[in-house]
Amino acid sequence: MIKYAALSLLPILSFSASSAESWASQTVSDVDVRLGAGIYHPTYQDSAYAIEFGADFNDFVGFKLQHQTDGSSTGNIEDLSILRFGIEVGYNYHANEYFAIKPFIEFGSAYYNYKELVCLDEQCFKERQREVGQYYGLGVRANFKYAYLEVNYKFDNMEIKNESNIGFMLGVSYHF
């Protein structure tokens with residue numbers, strides 16, 4: 001009896017496995033992953049450097065995790081570092097299988113970490129400050145087979161500090 005029950009379930013299980021495999025291959029094959037580095041020019045500061053990791057889940061939506069750092073000091077702020085996590089929305093226009101261009105808008109959260117010079121009663125010291133806010137931006141990315149080039153503009157909306165950045169990123173990408 002168990003033998004017949006197992007044999008009757010075999011076509012159902014094989015159909016489920018093949019359809020799950022088909023679904024997984026369609027989902028995974030649409031992911032573009034990228035890792036890059038670049039230069040940013042923040043308002044009122046020297047050049048800053050950034051590294052980023054990102055992925056496009058389809059031709060419309062992706063995400064980005066970026067770390068930007070600037071070792072130079074401006075005014076009473078020094079050792080500025082910014083961590084951004086955001087969503088990109090745009091459309092990936094494919095010219096052929098080796099080249100695509102994607103104009104996009106992005107938005108997300110930004111985490112500022114810096115040292116600020118604080119003076120009280122004629123005594124000054126550096127105090128570590130942290131601030132969380134939002135950022136907004138737009139850009140265009142040229143995707144090649146294994147590389148990408150991106151130009152973007154970001155505006156960080158913070159409580160204490162509002163800053164805009166123009167950036168250039170270059171990196172490697174892989175299509176799964």
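User: Hi! Which side chain does Arg 34 meet in a salt bridge?
Analyst: The side chain of Arg 34 meets that of Asp 56, with 3.5 Å from N to O. A salt bridge here is a side-chain nitrogen of Lys or Arg within 4 Å of a carboxyl oxygen of Asp or Glu. Bear in mind that this is a predicted model: local features need pLDDT of at least 70, side-chain atom pairs count only at pLDDT 80 or more, and totals for chains, interfaces and linings use all residues. Residues are numbered from 1 along each chain as its sequence is written, and side-chain values use heavy atoms, leaving out hydrogens and water.

User: Which strands do Arg 34 and Asp 56 lie in?
Analyst: Arg 34 is in strand β1 (residues 32-42) and Asp 56 is in strand β2 (residues 48-56), so their pair ties together parts 22 residues apart in sequence. Helices (H or I, at least four residues) and strands (E, at least two) are DSSP runs, numbered from the N terminus.

User: Are Arg 34 and Asp 56 buried or exposed?
Analyst: Both Arg 34 and Asp 56 are buried. Buried means under 20% relative accessible area, exposed means over 50%, and partly exposed is in between, using a 1.4 Å probe and protein chains only.

User: What else forms a salt bridge with Asp 56?
Analyst: Arg 141 does, and the closest N and O atoms of that pair are 3.4 Å apart. Arg 141 lies in strand β7 (residues 123-144) and Asp 56 in β2, so this pair ties together parts 85 residues apart in sequence. Arg 141 also meets Glu 150 in a salt bridge, at 2.7 Å from N to O. Arg 141 has a relative accessible area of 0%, so it is buried. Glu 150 counts as buried as well, at 0% relative accessibility.

User: Let's zoom out. How many helices and strands are there?
Analyst: The protein has one helix and nine strands. Along the sequence they follow the pattern α-β-β-β-β-β-β-β-β-β. Of the 176 residues, 35% count as buried.

User: New topic: how many aromatic pairs are there?
Analyst: The count comes to seven. Rings of Phe, Tyr and Trp (its six-membered ring) pair if their centres lie within 6.5 Å; planes under 30 degrees apart count as stacked, over 60 as edge-to-face and the rest as tilted. One of the pairs is Phe 60 with Tyr 91, which is tilted, at 5.1 Å centre to centre and 45 degrees between the planes. Phe 60 is in the loop between β2 and β3 (61-70), while Tyr 91 is in the loop between β4 (77-90) and β5 (93-96), 31 residues apart. Phe 60 is partly exposed at 45%, and Tyr 91 is partly exposed at 32% relative accessibility.

User: What about Phe 99 and Phe 144? What kind of pair do they form?
Analyst: Phe 99 and Phe 144 form a tilted pair, 5.4 Å centre to centre with 45 degrees between the planes. Phe 99 lies in β6 (residues 99-120) and Phe 144 in β7, so they tie together parts 45 residues apart in sequence. There is also one aromatic cluster, formed by Phe 53, Phe 57, Phe 63 and Phe 85.

User: Which ring does the charged end of Arg 84 sit over?
Analyst: The charged end of Arg 84 sits over the ring of Tyr 135, 5.7 Å from its centre. The rule is that NZ of Lys or CZ of Arg is within 6 Å of the ring centre and within 35 degrees of the ring normal.

User: Last one: which residues make up the largest nonpolar core?
Analyst: Seven residues do: Leu 80, Ile 82, Ala 110, Tyr 112, Tyr 114, Tyr 135 and Met 158. Such a core is a set of buried Ala, Val, Leu, Ile, Met, Phe, Trp, Tyr and Cys residues joined through side-chain atoms within 4.5 Å. Strand β6 gives the largest share of this core, three residues.

User: And what does Ile 82 contact?
Analyst: Setting aside neighbours within four places in sequence, Ile 82 is in contact (heavy atoms within 4.5 Å) with residues including Gln 66, Ala 110, Tyr 112 and Glu 163.
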